[in-house]
Amino acid sequence: IGLSKEHEGVVDLVENRALTFGGAKGEEMVVSPVPPEMEELVRQKRMEMLEKLADVDEEIAEYYLNEEVPPVPVLKAAVRRQTIALTFCPVFMGAAFKNKGVHP
């Protein structure tokens, strides 16, 4: 959420939420809904993530083909399963400057 000096936080695509960080060193994490101006982009990126995961995980593929959204615990289990199998590589983003996005 924001770039360079305006960087305030990150969006968690798995749990579909925003994480913003305050305080001098980003120690105050606030969980909130995705900002309205980012909802469409987040929806697109989340669907892209689900599509990529569906390519390598049968359980997620069933949800995807049925045009259903998998529950968060199912999604987390699939990410873990396919990461261990070396067929999926989750990417986390944050900024070392003021520790924004490095907590979760």
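1. A contact here means heavy atoms within 4.5 Å. On that basis, among contacts in the chain between residues at least 6 apart in sequence, 42% join residues at least 24 apart. Please keep in mind throughout that this is a predicted model.

2. As to the overall layout, the chain holds three helices and three strands, and along the sequence these follow the pattern β-β-β-α-α-α. The C-alpha atoms fill a box of roughly 45 × 30 × 20 Å along the principal axes, while buried residues account for 30% of the 104 residues. The chain exposes about 7300 Å², of which carbon and sulfur atoms supply 57%.

3. Strands β2 (residues 17–22) and β3 (residues 28–32) pair in the antiparallel sense over five bridges, with F21 standing opposite M29 in β3. Five residues lie between the strands of this hairpin, in which G23 takes a positive phi near 85°.

4. Helix α3 (residues 72–84) has 13 residues and reaches 18 Å from its first C-alpha to its last, close to the 18 Å expected at 1.5 Å a residue. After α3 comes L86, whose phi is likewise positive, near 60°.

5. Which residues of α3 are buried? They are V74, L75, A78, V79 and Q82, and because they cover an arc of only 135° around the axis, they lie on the same side of α3. What covers these buried residues includes α1 (39–54) and α2 (58–65), whereas P73, R80 and I84, on the other side of α3, are exposed.

How values were computed:
Residues numbered from 1 in each chain as written. Predicted model: local features only at pLDDT ≥ 70, side-chain atom pairs only at ≥ 80, totals over all residues. Heavy atoms only, no water. Helix = DSSP H or I, 4+ residues; strand = E, 2+ residues; numbered from the N terminus. Expected span 1.5 Å × (residues − 1). Buried < 20%, exposed > 50% of the residue type's maximum accessible area, 1.4 Å probe, protein only. Arc of directions from axis to C-beta. Pairing = 2+ DSSP bridges. Areas by Shrake-Rupley, 256 points an atom, 1.4 Å probe, with all protein chains shown as cover.
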